[in-house]
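Reader: Hi! Could you walk me through this one before I set anything up?
Author: Happy to, here it is.

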There are 2 protein chains.
Amino acid sequence: MKFLRSGFNRSHETSEIPAAARRPITAYDVARAAGVSQSAVSRAFSPGTSISKRTLSKVEKAARELGYRPNAIARMLSTSRSQLVGVVIPPLNNPFYPALLEALSAAFGRSGYRLLLFTSQAQQSFDPLLSEVLSSRVDGLVMVAAAISSSFADECKQSGLPVVLLNRKTDSRDVSSVVGASRVGAETIAKFLHAGGHRRYAFIAGSESSTSRDREAAFKRYLIKHDLKLHARVDGNYSFEQTGVVMRQLLSMKQRPDAIFCVNDHTALSAINVARVEYGLELGRELSIVGVDDSEMAGWPVFDLTTYGQPIALMAEHVVETMLMQLDGKLDFTEVIVPGELVVRGSARIPKWGVSGPPERRIWTPNK
Amino acid sequence: MKFLRSGFNRSHETSEIPAAARRPITAYDVARAAGVSQSAVSRAFSPGTSISKRTLSKVEKAARELGYRPNAIARMLSTSRSQLVGVVIPPLNNPFYPALLEALSAAFGRSGYRLLLFTSQAQQSFDPLLSEVLSSRVDGLVMVAAAISSSFADECKQSGLPVVLLNRKTDSRDVSSVVGASRVGAETIAKFLHAGGHRRYAFIAGSESSTSRDREAAFKRYLIKHDLKLHARVDGNYSFEQTGVVMRQLLSMKQRPDAIFCVNDHTALSAINVARVEYGLELGRELSIVGVDDSEMAGWPVFDLTTYGQPIALMAEHVVETMLMQLDGKLDFTEVIVPGELVVRGSARIPKWGVSGPPERRIWTPNK
DNA sequence: TCCTGCGTTGCATGCGCATGCAAAAATTGC
DNA sequence: GCAATTTTTGCATGCGCATGCAACGCAGGA
C-alpha cells in the first residue's frame, strides 16, 4: 500500500490561540453582548416563541458578530428530540437503494430531520445495530428492505421509537410499512406478458423477502387463474452474479422460457446481460424480460427494460408522513401501499392494446 | 395521488401508560437499582475507566434488567464530542458515490463514528448547508466530490471543524483531500491507448471539477509529449443525457475519434450506450472507450469497460485516518493521492504488451 | 502498628439550551 | 389617567452523562 502524502504538522510556535482551542460561542456570550438574558437568545432562535422585534434584532446582531450558532446537541438534550432519523439500509450496489436514500434525505430534510446512516450487511443480525440505534436517540427509524425481528420490534415499541419499514412488510401487524404495490404490479406484469402472447413463464426470485414472496404469489395466482403455469422458478438472491448463474440455467433448458419476470430491475439487468451477451438473444422478440422499480438504468438504451415503476419520491413522502404521525402519537401503525405504473420499453414483447402515453414514457394499462 | 392505507388510531382508553410516555431509564435509575452512584454507572459504560469487576457486574446486571442504554446525546453534550461525521454527498445516480458512501460508513464505523447525511444538489451553493453542518456539531466533515468555497473553509477552520475533501482537491492548500491518482491514471490511459495504436483521441470532460481538469491536463500533456494531439474535446457535465448528446457529436464528425477517454465510468457507460445502440459500433475494434473508477457496472458484460480503477475502500480508509489525525490535532492538513490500476476489459483495443493478472481481472502496467 | 501508595468510589459540578413561572413592561379599554 | 390585560423578559431549573477532586479502603513495607 503505497501512496503519496504531503502536508505540514501543526506549528508549535502558537503565538495566537489556535482556532480549535478557542472556547465556542454559547448563548450566554451572545446574551452578554446583546445585553439580554440567555433565555432571550434561546427564544430568538426558536421560531414561534414570544419575543419582541427589538430584542430579536439585538440578539441577531450580536449573534452575527460573534459567529454564534445554536448547539444542536444541547438543544436535543433539553428537548429530548434529536431531529434525527436513523436509516438502516442494505448494501447500495442495487441502485434502487441509493435512489431511495436520496429521496428519504430530501423528504425528511423538508420536515427538518436529518438522516443518521446505519449500513447493514445483508443477512446479518441486527442485534448489534439495535443497540447503537437505541443509544443514538434518533427520533425514528426507517428500515429499508430489511426484515425486522419481533424482538427488535418489541424493543423499539417499548422504548417508544417509531419504526417504518420501507419496501418490506412485516409479519406482525405492529410495525408500519410503506411498500410498492407488489401484488398489483406483479398482476399487471402477468397480464402484460399474457397479452403479449407468451407461453412459458419464469420467475427469478430474491430470497427471503416479503417483497419477492408477494410478487411471486401474485404472479402465480394470475397464471393459475388463466390456466397458465409457471414454467420455471429460480432464485437470484438479489445478487448480480447469482442471477447470472440461474439465468444460464433457465436459458439452457430444452424448453427455455419466453417470458421472465424478475423480482426487481437489478436482477432483470443481470438477466439481460446473460441473455444478450452470452446467448445473443434479441429481447422483445425471442425473449421477454420484465423487472420492477424503473430505476434509472432501466431506461438506458442498452437495457431498455420494461418494468413496473415504483414512485420513489412518493414512497419517501409516505414514510415521512407516517413517521411524523407516529411521532405525534396520532397513529400506532399503518400500512401504505403505493401503486406504480408499468413502463413499456423494448425488453419485452408489446401487446397490441393497452399502451398509452408519450413516446419517452409509454405506460401499459389493462382494462381501462 | 391515490394509495391504500390501513391502520388504527391510538386507543383512547389508555388503561396502562403507553410505552412512549414512560420515562426513559437513566443512569440514576440503574445506580439506584445497583446500589451504586451514578458515576459508577457512567464508568461502567466508559471503556478504560477505573472500575472494579464487582461494581461493573452489578451495574451490568441492573442495566440489563432495566433495559438501560446510555443516552448518546447527553454524552455528546458532556464530552463535546458527537462521534458524528457529516458527509456532504452529491446526487447518487452515479454509482461511484453510493459505493464511496458505503465504504465511508464502514470505515468510520470501525472507528466508532456514525455518518450524518447531507445530500447536496449539484451546482448549488453550500451556504445553507454550512449553517446546518456547524449547528449539528459533527466532529468532522467529509465532502465528496464537492468544491468548497474559501469562505466555507475559513469558517470551518475558525470553528475548528476538520474537513476532508474526497475525490476533489481544493485550490487553497488549507483543506485536506483524498483523491484518486488522476494524473497517473490519465497518463496510464493515454499510454494504453497510444500503445493500442489509436490515431484520433477524444476526451469527454465533466464540468467544473478539479478531477476532470487534472485528468484532461495529464491526458493532453502525454499526447503533446508524444506528438499526438487531442482530436476532440467535449463536456458531458457528468450527466448521462448530456454525455449522450456530446457523444453523438463526436460520432458524427467526418473524422470520428477512435479512442475516447471519459472522465469517469458513469460518463463512459453513457458513451457506450450511444456507440453500441445508436451507432452499432463494435467497441474494442472500431472504437475504444476508457473510463475511470472501475465501478461495479463496468464489469457487467454488456459494458465490459476498460477503466482505471479507484480503490474505494482504501480511499475511505485514508479519509478516516486523515480525519482522526486532524481531530487529534496532530495535523493541519494533508493531501493523499491513492493510486489505482488500469483494469483491462473489452471496450478498448488491447495493446500487445503490458497485460498481466488473472483473466477475471487483467491489469495493464506500462514500463515494468 | 503506622504510614504510603494505589485502586476504587461518590460528590459535586458543568456541558448549552429550553421552558415554566413570576416579574416587568407594554398595550388596551374605559 | 388608571386598572385590566396582554406581551415580553429574566430567573431558575432540568435534560443525562462525564469527570476532577477528595475520600475511602486495602495491601504492602518499614
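Reader: Which helices each supply at least two residues of the surface near DNA strand C?
Author: From chain A, helix H1 (27-34), helix H2 (38-44) and helix H4 (72-79), and from chain B, helix H2 (38-44) and helix H4 (72-79). Helices here are DSSP runs of H or I with at least four residues, strands are E runs with at least two, and both are numbered from the N terminus. A residue is near a strand if one of its heavy atoms lies within 4 Å of it.

Reader: Thanks. What should I know about the source and numbering?
Author: This is a predicted model, where local features need pLDDT of at least 70 and side-chain atom pairs count only at pLDDT 80 or more, while totals for chains, interfaces and linings use all residues. Residues are numbered from 1 along each chain as its sequence is written, chains are lettered from A and ligands numbered from 1 in the order in which they are written, and side-chain values use heavy atoms, with hydrogens and water left out.

Reader: Back to DNA strand C, which residues come nearest?
Author: Of the 27 residues around DNA strand C, the nearest are Ala27(A), Ser42(A), Arg75(A), Ser78(A) and Thr55(B). They divide into nine nonpolar, 15 polar and three charged. For those classes, Ala, Val, Leu, Ile, Met, Phe, Trp, Tyr, Cys and Pro count as nonpolar, Asp, Glu, Lys and Arg as charged, and the others, Gly among them, as polar.

Reader: What polar contacts are there with DNA strand C?
Author: Taking a polar contact as a pair of N or O atoms within 3.5 Å (within protein, one must be able to donate a hydrogen and the other to accept it, and residues adjacent in sequence count only if both atoms are side-chain atoms), here are some. Arg75(A) has a polar side-chain atom 2.3 Å from a phosphate oxygen of DNA strand C. Gln38(A) has a side-chain N or O atom 3.1 Å from a base nitrogen of DNA strand C.

Reader: And DNA strand D, which residues are closest there?
Author: Thr55(A), Ala27(B), Ser42(B), Tyr68(B) and Arg75(B), out of 27 that surround DNA strand D. Of the atoms of DNA strand D that come within 4 Å of the protein, 58% are sugar and phosphate. Ser39(A) places a polar side-chain atom 2.8 Å from a base nitrogen of DNA strand D, and Ser39(B) has one 3.4 Å from a base oxygen of DNA strand D.

Reader: Is His266(B) buried or exposed?
Author: Buried, because its relative accessibility is 3%; buried means under 20% relative accessible area, exposed over 50%, and partly exposed in between (1.4 Å probe, protein chains only). His266(B) sits in helix H11 (residues 265-278) of chain B.

Reader: Where is confidence lowest in chain A?
Author: In strand E1 (residues 4-8) of chain A, with a mean of 45, whereas strand E9 (residues 259-262) is highest at 98. That is pLDDT, the predictor's confidence in each residue, from 0 to 100. Chain A averages 88. Where pLDDT is low, the predicted coordinates should not be read in detail.
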